[in-house]
Amino acid sequence: RKPSIATQGTVLKGLNIYKDGKDPVALKDEEYPEWLWTLLDTPAEESLGERERQRVQRSKVIKEANFMKSKK
């Protein structure tokens with residue numbers, strides 16, 4: 001994996017989510033969990049196919065429900 005562009009001790013401006021909180025400070029790359037480095041990876045081909053299948057299925061269900069509403 002590539003190293004982080006934020007070096008240890010860098011203030012990460014704009015990432016504070018609390019009203020009275022302070023912006024977080026970057027840690028060493030080794031201090032972050034491994035799953036964090038995979039968040040921006042592209043999904044595997046098979047999962048893309050599964051997502052497409054689920055999208056089509058949801059679309060069918062929505063169309064059918066809308067059709068039934070219009071028949072009332």
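## Stop 1: the salt bridges

The structure holds two salt bridges, a salt bridge being a side-chain nitrogen of Lys or Arg within 4 Å of a carboxyl oxygen of Asp or Glu. Before you click, note that this is a predicted model, where local features need pLDDT of at least 70 and side-chain atom pairs count only at pLDDT 80 or more, while totals for chains, interfaces and linings use all residues. Residues are numbered from 1 along each chain as its sequence is written, and side-chain values use heavy atoms, with hydrogens and water left out.

Select R53 and E50: their side chains meet in a salt bridge, 2.7 Å from N to O. Both lie in helix α1, three residues apart, about one turn of the helix. (Helices are DSSP runs of H or I with at least four residues, strands are runs of E with at least two, and both are numbered from the N terminus.) R53 is partly exposed at 48% relative accessible area, and E50 is partly exposed at 33%. Here, buried means under 20% relative accessible area, exposed over 50%, and partly exposed in between, using a 1.4 Å probe and protein chains only.

Next, pick R55 and E52, whose closest N and O atoms are 2.7 Å apart in a salt bridge. Being three residues apart in helix α1, they are separated by about one helical turn. R55 is partly exposed at 44%, as is E52 at 40%.

## Stop 2: the aromatic pair

How many aromatic pairs does a search of the whole structure find? One. Show Y32 and W37: their ring centres are 6.2 Å apart and their planes at 85 degrees, so the pair is edge-to-face. Rings of Phe, Tyr and Trp (its six-membered ring) pair if their centres lie within 6.5 Å; planes under 30 degrees apart count as stacked, over 60 as edge-to-face and the rest as tilted. Y32 is partly exposed at 23% relative accessibility, and W37 is partly exposed at 22%.

## Stop 3: before the helix

Is D29 buried or exposed? At 15% relative accessibility, D29 counts as buried. Leaving out residues up to four places away in sequence, D29 touches R1, P3, S4 and W37, where contact means heavy atoms within 4.5 Å.

Now click E30, found in the segment before α1. E30 is exposed, with a relative accessible area of 64%. Draw a line from E30 to P3: they are 27 residues apart along the chain, and their C-alpha atoms are separated by 9.8 Å.

Finish at L39, also in the segment before α1 (45–70). L39 counts as exposed at 54% relative accessibility.
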